[in-house]
Amino acid sequence: MRLLLVEDDLVQVNNLKPALSRAGYAVEVALDGIDGAFKIREEEFDAIVLDLGLPKKNGLEVLQEM
């Protein structure tokens, strides 16, 4: 199962990505809203974990584009 983690806090990414991988997810990471929105448009994911307070484009804007 492919999961996109859109999160700018590297501490959170470094905690969540290994935990999600151990749970069986193939985890892709985007560190800002622009990269997250691009990956959502260009690739298929089974689930997305989306931070609302992202740099460059906030999570609500990314969600509206989806």
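Two strands are said to pair where DSSP finds at least two bridges between them. The legends below apply this criterion to a predicted model.

**Figure 1. Pairing of strands β1 and β2.** Strand β1 and strand β2, the latter formed by residues 26-30, run parallel and are joined by five bridges. Arg2 stands opposite Ala26 of β2, and Leu5 has Val29 as its bridge partner in β2.

Figure 2. Helix α1 comprises 13 residues and spans 18 Å from its first C-alpha to its last, close to the 18 Å expected at 1.5 Å a residue. Its N-terminal end is capped by Asp9, of which a side-chain oxygen lies 2.9 Å from the backbone nitrogen of Val11. Just after the helix, Gly24 adopts a positive phi of about 105°.

**Figure 3. Pairing of strands β1 and β3, with Val49.** Four bridges connect β1 and β3 in the parallel sense. Leu3 is placed opposite Ala47 of β3. Residues up to four places away in sequence being excluded, Val49 touches Leu3, Leu4, Leu5 and Val6. Its relative accessible area is 36%, so Val49 is classed as partly exposed. In β1, by contrast, four of the five residues are buried, and the strand is therefore largely enclosed by the rest of the structure.

Figure 4. Eight residues make up the largest nonpolar core: Leu4, Val6, Ala30, Ala37, Ile40, Phe45, Leu54 and Val62. Two or more of these residues come from each of the elements β1 (2-6) and α2 (33-42). Apart from this core lies another, of six residues, including Leu5, Val13, Leu20 and Val29. With neighbours within four places in sequence set aside, Leu4 is in contact with Glu28, Val29, Ala30, Gly36, Lys39, Ile40, Phe45, Ala47, Ile48 and Val49.

**Figure 5. Lys39, a buried lysine of helix α2.** Lys39 is situated in helix α2. Its relative accessibility is 12%, and because the limit for a buried residue is under 20%, Lys39 counts as buried. The side chain of Lys39 reaches the backbone oxygen of Val29 at 2.8 Å. Beyond its neighbours within four places in sequence, Lys39 is in contact with Leu4, Glu28, Val29, Ala30 and Phe45.

**Figure 6. Lys56, a loop residue with positive phi.** The loop between β3 (47-50) and α3 (59-65) contains Lys56. Lys56 is not a glycine, yet its phi is positive, at about 70°. Most residues other than glycine have a negative phi. The relative accessibility of Lys56 is 67%, and since exposure requires over 50%, this residue counts as exposed.

Notes: Residues are numbered from 1 along each chain as its sequence is written. This is a predicted model: local features need pLDDT of at least 70, side-chain atom pairs count only at pLDDT 80 or more; totals for chains, interfaces and linings use all residues. Side-chain values use heavy atoms; hydrogens and water are left out. A nonpolar core is a set of buried Ala, Val, Leu, Ile, Met, Phe, Trp, Tyr and Cys residues joined through side-chain atoms within 4.5 Å. Buried means under 20% relative accessible area, exposed over 50%, partly exposed in between (1.4 Å probe, protein chains only). Contact means heavy atoms within 4.5 Å. The expected span of a helix is 1.5 Å times one less than its number of residues. A polar contact is a pair of N or O atoms within 3.5 Å; within protein, one must be able to donate a hydrogen and the other to accept it, and residues adjacent in sequence count only if both atoms are side-chain atoms.
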